[in-house]
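The following exercises are to be worked with the sequence and the structure at hand. Each task is followed by a solution in steps.

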Amino acid sequence: MESRDDNGLRCLVTGATGYIGGRLVPELLDAGHTVRCLARSPEKLRDYPWAGEVEVSKGDVTDAESVAAAMRGIEVAYYLVHALSSGAGFEETDRKAARIFGEQARAAGIRRIVYLGGLTPADVPEQELSPHLRSRAEVGRILLDSGVPTAALRAAVIIGAGSASFEMLRYLTERLPVMVTPSWVSTRIQPIGVRDVLRYLVGSARMPAEVNRTFDICGPDVMTYRAMMEKYAEVAGLPHRLILPVPMLTPRLSSHWIGLVTPVPASIARPLAESLRYEVVCHEHDIADHVPDGAGQPFSFDTALGLALQRVREARVTTRWSSASTPGIPSDPLPTDPDWAGGSLYTDVREHDVDASPEALWRVVEGIGGDNGWYSFPLAWAVRGWLDRLTGGVGLRRGRRDAQRLRVGDSLDFWRVEEIEPGRLLRLRAEMRLPGLAWLEMYVEEGEGGRSHYRQRAIFHPSGLLGHAYWWSVSPFHAIVFGGMSRNIARAAGKDGGPR
């Protein structure tokens with residue numbers, strides 16, 4: 001395993017399919033290091049944009065032989081593996097895995113272990129912590145005692161799209177304008193942006209050999225969970241949320257409540273809810289002695305939150321939502337994040353094989369709107385345009401610049417051309433007044449025997465409870481509007497190639 005450059009280190013990353021691991025790997029590569037990933041199922045790494053730039057070793061952290069094989073030639077080993085299950089025995093599994101990792105690291109001559117765990121309160125004995133926080137602390141202690149210099153980083157809530165903590169915050173705030181909440185909404189927390197977490201993790205690889213200790217990593221703001229929800233609503237442009245704490249909601253009941261309100265799985269929601277009972281505030285910032293902070297670092301909660309919401313705020317479809325093949329910034333969702341990451345998203349997809357060439361189908365697609373109409377239920381489109389104008393929107397009055405050709409930035413009735421790949425893709429962004437953001441994508445693909453394939457996707461990202469209510473109120477009409485549109489576009493292409 002060769003280094004990427006003369007100064008690069010040879011790094012092993014466990015947990016590369018997880019939230020932090022999947023974002024750490026490209027950061028290590030960008031820093032000039034070579035990376036090997038240890039994965040139980042290497043095929044799960046194939047969809048990551050960086051998959052072709054790393055070496056993959058098949059194995060499991062509870063299997064000493066596979067860990068030993070993965071550590072050959074490695075200088076820095078990242079331990080980012082945790083059991084999220086609440087089932088019996090997860091603490092023993094975590095304990096066993098940490099011991100194996102530490103023992104094999106020492107035997108392989110690893111220079112440094114870097115571990116990311118959870119921040120724990122200083123005034124609560126370890127045995128009184130929730131099982132998951134207790135296990136995180138124990139894993140850190142095992143690695144620190146392994147004989148290999150270890151940097152055990154401890155973070156509270158991580159702010160970034162895809163983070164389980166952040167997604168829980170997102171869904172609770174977006175879906176509930178009035179919330180009856182557990183008492184832990186008044187607990188003080190010191191959150192940190194995912195960019196800062198990654199910066200500290202990468203920088204920890206080069207700590208001096210004598211450094212073997214824990215480091216608290218946090219952003220500059222100490223705030224309650226309630227304040228975090230209120231700030232989220234403000235940054236996301238949602239109305240003020242009414243939050244009513246109820247002391248009798250235990251962590252177990254809280255996790256069920258979270259499961260009802262959000263798509264975050266109960267197995268993840270429960271340890272998150274349990275950990276929120278404790279005040280988690282940094283007691284030192286010594287990591288800056290080894291990984292210096294630049295101007296404005298670590299990011300404030302407002303900045304980290306703004307970055308996590310940046311793609312939606314800029315009205316761009318994120319990598320998980322579109323056909324994009326590369327990720328954006330670390331605080332963006334990844335295509336490989338869980339389905340519940342990245343916020344709520346509704347879609348309506350229609351597909352048809354078309355008895356026409358791709359060129360003929362594309363002429364119809366590019367000619368849509370304006371005098372050519374939208375190929376379905378003209379009255380429905382007209383009514384939607386009138387309603388939009390009545391509420392101060394643009395309506396259908398803008399038409400289109402050119403009857404046959406479109407370019408990025410063109411207005412098209414109450415849409416705007418956001419992306420166009422001639423002959424293949426037209427993506428429109430809605431500019432009508434909506435409680436959310438909407439796109440309409442039309443794809444042209446080559447079929448067999450000179451035929452073509454048409455794929456159409458309507459996408460809606462709701463804003464608050466009103467956005468969800470809007471989607472479900474209009475969804476019964478989608479078969480008529482979007483279904484008719486896709487059928488008629490295919491029919492028009494097959495008939496005469498569309499408007500010329």
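**Exercise 1. Identify the residues with the most contacts inside the largest nonpolar core, and the elements that build this core.**

Solution. Step 1: apply the definition, by which a nonpolar core is a set of buried Ala, Val, Leu, Ile, Met, Phe, Trp, Tyr and Cys residues joined through side-chain atoms within 4.5 Å; buried means under 20% relative accessible area, exposed over 50%, and partly exposed in between, with a 1.4 Å probe and protein chains only. Step 2: the largest such core holds 40 residues, and Ile-20, Tyr-78, Leu-116 and Leu-201 have the most contacts inside it. Step 3: two or more residues each come from strands S1 (10-14), S2 (34-39), S4 (76-79), S5 (112-118) and S6 (150-155), and from helices H1 (19-30) and H6 (194-204). Helices (H or I, at least four residues) and strands (E, at least two) are DSSP runs, numbered from the N terminus. Step 4: a second, separate core has 39 residues, among them Val-157, Phe-166, Leu-238 and Leu-276.

This is a predicted model, in which local features need pLDDT of at least 70 and side-chain atom pairs count only at pLDDT 80 or more, while totals for chains, interfaces and linings use all residues. Residues are numbered from 1 along each chain as its sequence is written, and side-chain values use heavy atoms, with hydrogens and water left out.

**Exercise 2. List the residues that Leu-116 touches, not counting residues up to four places away in sequence.**

Solution. Step 1: take contact to mean heavy atoms within 4.5 Å. Step 2: with residues up to four places away in sequence set aside, Leu-116 touches Ile-20, Tyr-79, Leu-80, His-82, Leu-153, Ala-155, Ile-158, Val-197, Leu-201 and Ile-217.

**Exercise 3. Determine the strand order of the open sheet of seven strands and explain what is particular to its edges.**

Solution. Step 1: two strands pair if DSSP finds at least two bridges between them. Step 2: the order is S3-S2-S1-S4-S5-S6-S11, and the pairing is parallel. Step 3: strand S3 (55-58) and strand S11 (213-216) each have a single partner strand, so one side of each lacks a neighbour in the sheet. Step 4: from one strand to the next, the twist averages 20 degrees.

**Exercise 4. Is Ser-204 buried or exposed, and which residues does Ser-204 contact?**

Solution. Step 1: Ser-204 is placed in helix H6. Step 2: its relative accessibility is 0%, so Ser-204 counts as buried. Step 3: leaving aside neighbours within four places in sequence, Ser-204 is in contact with Arg-112, Val-114, Ala-151, Leu-153, Ile-287 and Val-291.

**Exercise 5. Characterise the hairpins that involve S16.**

Solution. Step 1: strand S15 (residues 411-412) and strand S16 (residues 415-421) run antiparallel and are joined by two bridges; the partner of Ser-411 is Arg-416 in S16. Step 2: two residues lie between these strands, and Asp-413 takes a positive phi near 55 degrees. Step 3: six bridges join S16 to strand S17 (residues 425-430), again in antiparallel fashion, and Trp-415 has Ala-430 of S17 as its bridge partner. Step 4: the hairpin of S16 and S17 has three residues between the strands, and Gly-423 in the turn has a positive phi of about 85 degrees.

Definitions and conventions:
Axes are lines fitted to C-alpha atoms, for helices over the stretch in contact, and angles run from 0 to 180 degrees between N-to-C directions.
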